[in-house]
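Open the model in your viewer and colour it by confidence. Then follow the stops below.

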Amino acid sequence: MGHTRGAPYHPMTQGKIERWHRSLKNQVLLENYYLPSDLKARIGAFVEYYNTERYHESLNNLTPEHEHEPDELKASLKSGRLQSEIP
């Protein structure tokens, strides 16, 4: 996956990352963190959840992790087969 930069002086091209930051902020602000390591662990847990468990409408209701799987696995997921049924 390549790194993409938005166009300078065009804030509308930053929408996806701004939405991600808002989602992260909404989760992080739910709790109080007394140690930096606690906050770091919570951010790590959110990133893991966002990439492996949360379904994204823009990815046809797949997770980013599944979007990068082989095509036959994506077809199985879209057809409704449980992940445990996939070899």
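**Stop 1: confidence**

Where pLDDT is low, the predicted coordinates should not be read in detail.

This is a predicted model, numbered from 1 along each chain as its sequence is written, in which local features need pLDDT of at least 70, side-chain atom pairs count only at pLDDT 80 or more, and totals for chains, interfaces and linings use all residues. Side-chain values use heavy atoms, leaving out hydrogens and water.

Now show the whole protein chain. Its mean pLDDT is 78, and 77% of its residues reach 70 or more. Confidence is highest in α2, at a mean of 91, and lowest in helix α4 (residues 71–78), at 61. Helices here are DSSP runs (H or I, at least four residues), numbered from the N terminus.

**Stop 2: the helix pair**

Select α1 (residues 15–28) and α2 (residues 36–52). Their axes (lines fitted to C-alpha atoms over the stretch in contact, with angles from 0 to 180 degrees between N-to-C directions) come within 10 Å and cross at roughly 130 degrees.

Show side chains. From α1, W20, S23, L24, Q27 and V28 meet L39, R42, I43, F46, V47 and Y50 of α2.

**Stop 3: E53**

Move to E53, in the loop between α2 and α3 (64–67). Leaving aside neighbours within four places in sequence, E53 contacts E48 and T63. Now pick H66: its C-alpha is 9.5 Å from that of E53, with the two residues 13 apart in sequence.

Notes:
Helix = DSSP H or I, 4+ residues; strand = E, 2+ residues; numbered from the N terminus. Contact = heavy atoms within 4.5 Å. pLDDT = per-residue confidence, 0-100.
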